[in-house]
Amino acid sequence: MADNTEQERDLQIYRQLLSLWRAENPIKTIKLQFLLASNALLLGFMQLSGGLVAANRPLMLGGFVLCLLWTLSLGRTALFQKAWKIRLDEISRRYPDNELFQLLDQRQALACSPVWLRVLGGVSAKYYLLGAPVGMALGWLLTAIRVGS
């Protein structure tokens with residue numbers, strides 16, 4: 001009886017953690033889309049204001065700061081999602097034979113997917129979620145420095 005009660009409690013916790021983990025995905029997507037949109041707007045404003053000229057350095061530095069802030073925001077979201085996943089994995093290891101606790105283990109299903117899809121879809125989101133704003137921040141900073149010299 002105690003084992004069943006503990007398993008039921010773990011299942012309730014697992015479901016709540018799964019809900020928290022899953023909720024981070026649309027947040028990451030929206031943040032990434034706003035990062036891309038705001039950078040596109042900044043590039044458009046810069047082009048309308050004369051392009052790569054020293055007078056646009058404040059705009060470039062603003063792009064740099066904006067991208068740094070997006071990096072921190074996306075990093076925090078990714079960190080919390082990773083924390084939820086770690087806790088989910090801890091619980092699922094306690095019940096390796098119970099499919100309810102193995103929902104996130106997709107290794108077997110992924111192995112059956114087409115190779116081209118595994119290659120394209122196998123890139124971890126953390127690389128482009130955090131790589132994009134860091135790369136854009138560096139781009140804005142290097143452009144501001146280059147225009148200044």
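Reply: Helices here are DSSP runs of H or I with at least four residues, strands are runs of E with at least two, and they are numbered from the N terminus. This is a predicted model, where local features need pLDDT of at least 70, side-chain atom pairs count only at pLDDT 80 or more, and totals for chains, interfaces and linings use all residues. Residues are numbered from 1 along each chain as its sequence is written, and side-chain values use heavy atoms, with hydrogens and water left out.

Me: OK, which helix does Val 115 lie in?

Reply: Val 115 belongs to helix H4, residues 115-121.

Me: Is Val 115 buried or exposed?

Reply: Exposed, because its relative accessibility is 53%. The cut-offs are under 20% relative accessible area for buried, over 50% for exposed and partly exposed in between, with a 1.4 Å probe and protein chains only.

Me: Switching to salt bridges, how many does the structure hold?

Reply: There are 3, a salt bridge being a side-chain nitrogen of Lys or Arg within 4 Å of a carboxyl oxygen of Asp or Glu.

Me: What does Asp 10 pair with in H2?

Reply: Arg 94, in a salt bridge at 2.9 Å, N to O. That pair links distant parts of the chain, with Asp 10 in helix H1 and Arg 94 in helix H2, 84 residues apart.

Me: Which side chain does Asp 89 meet in a salt bridge?

Reply: Lys 85, at 2.6 Å, N to O. Both lie in helix H2, 4 residues apart, about one turn of the helix. As for networks, salt bridges that share partners join Arg 9, Asp 10 and Arg 94 into one.

Me: How much space lies in the largest pocket?

Reply: About 990 Å³. Its lining counts 28 residues, and the closest to the centre are Trp 21, Lys 28, Lys 85, Ser 124 and Ala 125.

Me: What counts as a pocket?

Reply: On a 1 Å grid over the protein atoms alone, where a 1.4 Å probe fits, a pocket is an open set of points with protein on both sides within 12 Å along at least five of seven lines; lining residues have an atom within 4 Å of a point.

Me: Which helix gives the most to that lining?

Reply: H2, with 7 residues.

Me: Last one: what does Asn 39 touch?

Reply: Cys 67, Met 136 and Trp 140, leaving aside neighbours within four places in sequence, where contact means heavy atoms within 4.5 Å. Asn 39 sits in helix H1, residues 2-48, and is buried because its relative accessible area is 5%.

Note on methods
Grid points are joined across faces, edges and corners, and a volume is the space filled by probe spheres set on the points.
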